[in-house]
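Good morning, colleagues. Please turn to the sequence and the structure that I am about to show, and keep both in view while I speak.

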Amino acid sequence: MVSTVRGQFKKYSGTLKLDTADFTRSVIEGSVEVASIDTENKDRDAHLRTNDFFDAPNHPLITFKSKRITAKGGNAYAVVGDLTIRGVTREVPFEVEFNGTAKSPFGHTATGLSARAAINRHDFGVSFNKALETGGVIIGDTVKLELELEATEVPDSVDPAALAHKGTSAAQVSQR
């Protein structure tokens, strides 16, 4: 239509296996629970969970796993990986900014990343649309993905899976 609808997934998890000597040898994995979509409109969110869009009952997770990371200069990287939506997996490039690492006030090392990508929703089987009486359609084809991530180091003695049930947003990744 004529405006951008923004939303976020409220439940997600992920890991960053950071190679501090060479970020290009790092591995990034993550998933979001489709049912946790929130666009601040309950009717729209309910529709997004249906087979018209994400088909949350049959495809409860959207996943990403990096395949290769390329340095682009400075703190910029290209992270290419497999993105799976509705059971369809496509290779997607993300432009990633490595924001660095720092010790938190609680003594944990945190790593910050900002990532951007654009996908065509039809590539993932999300094809619902509705014609407008003035011409055109209600939904565009391009979906912009924007992530602001902070990964907190987990000591080897801690089972990352144990963190998920304690309210932290996953093994190592949390939203800023």
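When I speak of one residue touching another, I mean that heavy atoms of the two lie within 4.5 Å. In that sense, and setting aside residues up to four places away in sequence, Ile-85 touches Phe-54, Ile-62, Ile-119 and Phe-124. Please bear in mind throughout that this is a predicted model.

As general background, nonpolar side chains in soluble globular proteins tend to be buried together.

Let me turn to the strands. Strand β7, residues 88-103, pairs with strand β8, residues 109-120, in the antiparallel sense, and 8 bridges join the two. Within this pairing, Gly-100 has Gly-112 of β8 as its bridge partner. The hairpin of β7 and β8 has 5 residues between the strands, and there Gly-107 takes a positive phi near 90 degrees. Strand β8 is also joined to strand β9, residues 142-152, by 11 bridges, and these two strands run antiparallel. Here Ala-117 has its bridge partner in β9, namely Leu-145.

Asn-120 belongs to strand β8 as well. Is Asn-120 buried, exposed or partly exposed? Its relative accessibility is 28%, so Asn-120 counts as partly exposed. The side chain of Asn-120 reaches the backbone nitrogen of His-122 at 2.8 Å. Between Asn-120 and Gly-140 there are 9.0 Å in space from C-alpha to C-alpha, and the two are 20 residues apart in sequence.

I come now to the aromatic residues. How many aromatic pairs does the structure hold? There are 5 aromatic pairs. In the pair of Phe-23 and Tyr-77, the ring centres are 4.6 Å apart and the planes stand at 55 degrees, so this pair is tilted. Phe-23 sits in the loop between β2 (12-17) and β3 (27-33), whereas Tyr-77 is in strand β6 (residues 76-85), so the pair ties together parts that are 54 residues apart in sequence. Both Phe-23 and Tyr-77 are buried. A second pair is formed by Phe-64 and Phe-94, with ring centres 5.1 Å apart and planes at 75 degrees; this pair is edge-to-face because an angle over 60 degrees counts as such. Phe-64 is part of strand β5 (residues 61-73) and Phe-94 of strand β7, so here the parts tied together are 30 residues apart in sequence. Phe-64 counts as buried at 14% relative accessibility, and Phe-94 is buried with a relative accessible area of 8%. Finally, ring pairs link Phe-23, Tyr-77 and Phe-98 into a cluster.

The loop between β2 and β3, which holds Phe-23, is also the place of Ser-26. Ser-26 has a relative accessibility of 6% and therefore counts as buried. A polar atom of the Ser-26 side chain lies 2.9 Å from the backbone nitrogen of Asp-19. Leaving aside neighbours within four places in sequence, the contacts of Ser-26 are Leu-16, Lys-17, Leu-18, Asp-19, Ser-66 and Ile-69.

Glu-40 is in the loop between β4 (37-38) and α1 (42-48). What of Asp-55, which is not a glycine? Asp-55 has a positive phi of about 55 degrees and is placed in the loop between α1 and β5. As for accessibility, Glu-40 is exposed, with a relative accessible area of 77%, whereas Asp-55 is buried, with a relative accessible area of 9%.

I close with the confidence of the prediction. The protein chain has an average pLDDT of 87, and 87% of the residues score at least 70. Over residues 163-176, however, the pLDDT is below 50, although this stretch has 42 contacts in the model beyond near neighbours in sequence. Where pLDDT is low, the predicted coordinates should not be read in detail.

Notes:
Residues numbered from 1 in each chain as written. Predicted model: local features only at pLDDT ≥ 70, side-chain atom pairs only at ≥ 80, totals over all residues. Heavy atoms only, no water. Pairing = 2+ DSSP bridges. Helix = DSSP H or I, 4+ residues; strand = E, 2+ residues; numbered from the N terminus. Phe/Tyr/Trp six-rings, centres within 6.5 Å; stacked < 30°, edge-to-face > 60°. Buried < 20%, exposed > 50% of the residue type's maximum accessible area, 1.4 Å probe, protein only. Polar contact = N/O pair within 3.5 Å; in protein donor to acceptor, adjacent residues only side chain to side chain. pLDDT = per-residue confidence, 0-100.
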